Amino acid sequence: MTKLILLLCGGAWLFAASGAAADVETCWIARERQSRDASAVNDFVRARELMRSALGCMNDTTPAVERAHVLEQFARMVAERAEAERYLREALALREQALGKDDPSLGDTLWYLSDTLGVERDAEALQLLERALQIRERSLGKSDARTADSMYRLGMGYIGAGRLAEGEALCRHAIAILESLPLKPGSPLPGYVFGLGDVLCRRDRCAEGRVLQDKGAELGGEVDRLEKAAAAPAPVDPH
């Protein structure tokens with residue numbers, strides 16, 4: 001009888017614990033969704049507070065990668081750089097602990113962190129971008145779209161730091177990688193092409209820059225068409 005009672009109590013505890021974990025997950029996912037909805041209508045104050053609430057929903061049962069994701073999103077909404085940096089470094093540590101130090105998802109976290117450091121800490125920011133590119137080249141190869149993302153970001157970082165030739169070469173290489181891949185909805189290629197054109201215009205190479213800007217705008221139209229086609233409802237079979 002004692003064994004039966006212990007078994008039943010243990011089962012009840014496991015059920016309650018699993019239920020509590022499910023409640024935590026439901027809570028933060030709901031808050032994150034509400035935050036995205038608030039951002040979509042430019043209510044950024046409410047969006048930030050909802051994301052803060054999503055963090056508050058989490059506890060020790062929350063998987064590290066999920067907590068890192070919410071920390072990253074919240075950090076990007078925080079105005080104070082020191083606070084944002086703290087959240088992003090925590091997110092980076094969680095990802096490294098859960099996934100290892102060569103996981104390609106670290107690339108975005110490192111980019112967010114580098115962007116937070118600002119021009120006052122250019123050297124440190126560039127080191128983070130260089131690490132992101134190295135990770136993705138090792139884990140994904142040199143022709144992957146996500147590798148191209150990290151390459152373009154580093155190129156723009158170099159340009160911002162005055163290393164113009166290196167930066168332009170990396171941006172052009174990243175664009176070439178993306179051009180070699182099928183164009184898909186959500187592709188960053190139009191923005192990358194237009195962005196490099198904008199840089200050239202600001203560097204007294206406007207004739208060359210406008211060509212890239214026109215090309216970027218044209219690619220943007222193609223991506224818009226792809227996105228509309230993907231969002232269109234499937235035709236109903238009359239039979």
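1. A helix here is a DSSP run of H or I with at least four residues, numbered from the N terminus. The model is predicted.

2. Start where α5 stops. Glycine 118 follows α5, and its phi is positive, near 80 degrees.

3. Now the length of α5. The helix covers residues 106–117, 12 residues in total. At 1.5 Å a residue it should span 16 Å, and its end C-alpha atoms lie 17 Å apart, which agrees.

4. Next, its surroundings. Buried means under 20% relative accessible area. Nine of the 12 residues of α5 are buried, so the helix is largely enclosed by the rest of the structure. Among them are Leu106, Leu110, Tyr112, Leu113 and Leu117. Gly107, Thr109, Ser114 and Thr116 are buried too. The cover over these residues includes α3 (64–75), α4 (81–99), α6 (122–140) and α7 (145–160).

5. Turn to α9, residues 189–202. Its 14 residues should span 20 Å at 1.5 Å a residue. The end C-alpha atoms are 20 Å apart, in agreement.

6. α9 is also largely enclosed by the rest of the structure, because 10 of its 14 residues are buried. The buried residues include Leu189, Pro190, Tyr192, Val193 and Cys201. Gly195, Leu196, Gly197, Val199 and Leu200 are buried as well. The partners they pack against are α7, α8 (164–179) and α10 (206–231).

7. Last, the stretch just after α9. There, aspartate 204 has a positive phi of about 60 degrees.

Conventions. Residues are numbered from 1 along each chain as its sequence is written. This is a predicted model: local features need pLDDT of at least 70, side-chain atom pairs count only at pLDDT 80 or more; totals for chains, interfaces and linings use all residues. Side-chain values use heavy atoms; hydrogens and water are left out. Helices (H or I, at least four residues) and strands (E, at least two) are DSSP runs, numbered from the N terminus. The expected span of a helix is 1.5 Å times one less than its number of residues. Buried means under 20% relative accessible area, exposed over 50%, partly exposed in between (1.4 Å probe, protein chains only). Contact means heavy atoms within 4.5 Å.
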